[in-house]
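This report describes one protein model and the ligand placed in it. Please look at the sequence and the structure before reading on.

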Amino acid sequence: MKNVKQIEQVIDKYRRHLLRNIAVGVALLPIARAPLELARAADAPPVTADDPNAKALKYTADASKAPDAKPGSKCDNCQLYQGAAGSAQGGCMLFPGKSVKAAGWCSSWTAKAKA
Ligand code: SF4
């Protein structure tokens, strides 16, 4: 009987270990997918001038041509920009499935938080 109890304890320990690893794996899944999604966003079709969101937010692919843009503000230094550092274009939280130019700008520009 003692051996059965020991085997049950081992199985119980293994089950807890397995469940913990599954929970950690599930929790890390979004982090593992992030670089892939960033790469996809950079390859996504660019936001065009006739896009209704772009019009509403006054998006332009060239911040220097945006009369309302603060000097130096552009997608590249916006908190919502998802492109990799130094990238020419990348995703933006406001334009899911599309890419914006790093040199672009829109009226929702928000300064990137300092690290
Ligand atoms: Fe660019 Fe930021 Fe506007 Fe997105 S929210 S288009 S990253 S300025």
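In this report Ala, Val, Leu, Ile, Met, Phe, Trp, Tyr, Cys and Pro count as nonpolar, Asp, Glu, Lys and Arg as charged, and the others, Gly among them, as polar. By these classes, the shell around the ligand holds 10 nonpolar residues, no polar and no charged ones.

The model is predicted: local features need pLDDT of at least 70 and side-chain atom pairs pLDDT 80 or more, while totals for chains, interfaces and linings use all residues. Residues are numbered from 1 along each chain as its sequence is written, and side-chain values use heavy atoms, with hydrogens and water left out.

**The ligand site**

Which residues surround the ligand? They are Y59, C75, C78, L80, Y81, C92, L94, F95, C106 and W109, where a residue is near a molecule if one of its heavy atoms lies within 4 Å of it. The space that the ligand takes is the largest cavity. A cavity is a set of points, on a 1 Å grid over the protein atoms alone, where a 1.4 Å probe fits but cannot get out. A molecule sits in a cavity if more than half of its atoms lie within 2 Å of its grid points.

**The chain as a whole**

The protein has 2 helices and 2 strands, and along the sequence they follow the pattern α-α-β-β. Helices (H or I, at least four residues) and strands (E, at least two) are DSSP runs, numbered from the N terminus. Of the 115 residues, 24% count as buried. Buried means under 20% relative accessible area, exposed over 50%, and partly exposed in between (1.4 Å probe, protein chains only). Contact means heavy atoms within 4.5 Å. Among contacts with a separation of 6 or more, 64% are between residues 24 or more positions apart.

**Selected residues**

| Residue | Relative accessibility | Class |
|---|---|---|
| K58 | 49% | partly exposed |
| T60 | 19% | buried |
| S87 | 19% | buried |
| K98 | 30% | partly exposed |
| S108 | 23% | partly exposed |

K58 is in the loop between α2 (52-56) and β1 (89-91). The phi angle of K58 is near 55°, a positive value in a residue other than glycine.

T60 also lies in the loop between α2 and β1. Is T60 buried or exposed? T60 counts as buried because its relative accessibility is 19%. Leaving out neighbours within four places in sequence, T60 is in contact with A66, G104 and W105.

S87 is placed in the loop between α2 and β1. The side chains of S87 and Y81 are joined by a polar contact of 3.0 Å; Y81 is also one of the residues around the ligand. A polar contact is a pair of N or O atoms within 3.5 Å; within protein, one must be able to donate a hydrogen and the other to accept it, and residues adjacent in sequence count only if both atoms are side-chain atoms. The side chain of S87 also reaches the backbone oxygen of A84, at 2.6 Å. Beyond neighbours within four places in sequence, S87 is in contact with Y81 and A102.

K98 lies in the loop between β1 and β2. With which side chain does the side chain of K98 make a polar contact? The partner is D51, at 2.6 Å. Apart from neighbours within four places in sequence, K98 has contacts that include A41, P45, V47 and G90. The C-alpha atoms of K98 and D43 are separated by 8.2 Å, although these residues are 55 residues apart along the chain.

S108 is in the segment after β2 (99-101). Not counting residues up to four places away in sequence, S108 touches L57, L80 and L94. The C-alpha atoms of S108 and L57 are separated by 6.7 Å, with the two 51 residues apart along the chain.

Terms used: On a 1 Å grid over the protein atoms alone, a cavity is a set of points where a 1.4 Å probe fits but cannot get out, and a pocket is an open set with protein on both sides within 12 Å along at least five of seven lines; lining residues have an atom within 4 Å of a point.
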